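Hello,

Here is the structure I promised to pass on. Please open it alongside this email and follow the notes below.

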Amino acid sequence: MHMRLLIGMIIIALCVAAPVRAASDEAYLVGESLVAAIAGATLIGSNWAEYYAPDGKIAGKFRYMGFVREFTGRWVANEDHVCFEYARTEANTCSRFRRRGERMLHFGFDDKPKKDPESRRLDGNQVDAFK
């Protein structure tokens, strides 16, 4: 009985002592991992959803003042970031990504989280899941 208690205490001590990796310590997606996370996937943020077709096209929806509108654009992956181009050029941006399961974390080149810093990732074109 004492041996089980001792083993349990050691396991607890190891878990508590293990360093917790902060989001800022996680590596950004790069190269093939970045493309694999984006191409053929839908990202859904707080007021938007975008499907990133493998050919570089974007099909999306956003909510503004209670209305849902559709839009299109283009995306291109570079070694460590993805750039997005839309009809409204003021919306054009580039992002770096970290992935946690089916969550994508969005960052600028300054390593700070973007305005809408987290999205849900779904396989395939699931823009219609955004209502």
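A definition before the findings: two strands count as paired if DSSP finds at least two bridges between them. Please also keep in mind that this is a predicted model.

Take strands S5 and S6 as the example. S5 covers residues 82-86 and S6 covers residues 93-100. They run antiparallel, and three bridges join them. Valine 82 has its bridge partner in S6, namely serine 95.

Now the overall fold. The chain has two helices and eight strands. In sequence order the pattern is α-α-β-β-β-β-β-β-β-β. The eight strands form a closed barrel in the order S1-S2-S3-S4-S5-S6-S7-S8, with antiparallel pairing. On average, neighbouring strands of this sheet are turned by 30° against each other, direction ignored.

Next, the interior. The chain has 131 residues, and 35% of them count as buried. In soluble globular proteins, nonpolar side chains tend to be buried together. Here the largest nonpolar core has 15 residues. Ile38, Tyr52, Phe84 and Phe97 have the most contacts inside it. At least two residues of this core come from each of helix H2 (31-38), strand S2 (48-52), strand S4 (67-77) and S5. A second, separate core has seven residues, including Ile44, Tyr51, Val127 and Phe130.

Which residues does isoleucine 38 touch, leaving aside those up to four places away in sequence? They are Leu43, Tyr52, Trp75, Val82, Phe97 and Met104. Val82 in that list is the residue that bridges to serine 95.

Two loop residues deserve a look. Methionine 65 sits in the loop between strand S3 (57-64) and S4. Its phi is positive, about 50°, although methionine 65 is not a glycine. Is methionine 65 buried or exposed? Exposed counts as over 50% relative accessible area. Methionine 65 has 66%, so it is exposed.

Aspartate 111 is in the loop between strand S7 (103-107) and strand S8 (113-123). Its phi is near 70°, again a positive value in a residue other than glycine. Aspartate 111 has a relative accessible area of 43%, so it is partly exposed.

Last, two totals. Among contacts in the chain with a separation of 6 or more, 41% are between residues 24 or more positions apart. The accessible surface of the chain is about 8700 Å², and 59% of that belongs to carbon and sulfur atoms.

Best wishes

Terms used: Residues numbered from 1 in each chain as written. Predicted model: local features only at pLDDT ≥ 70, side-chain atom pairs only at ≥ 80, totals over all residues. Heavy atoms only, no water. Helix = DSSP H or I, 4+ residues; strand = E, 2+ residues; numbered from the N terminus. Axes fitted to C-alpha atoms, helices over the stretch in contact; angles between N-to-C directions. Core = buried A, V, L, I, M, F, W, Y, C linked by side-chain atoms within 4.5 Å. Buried < 20%, exposed > 50% of the residue type's maximum accessible area, 1.4 Å probe, protein only. Contact = heavy atoms within 4.5 Å. Areas by Shrake-Rupley, 256 points an atom, 1.4 Å probe, with all protein chains shown as cover.
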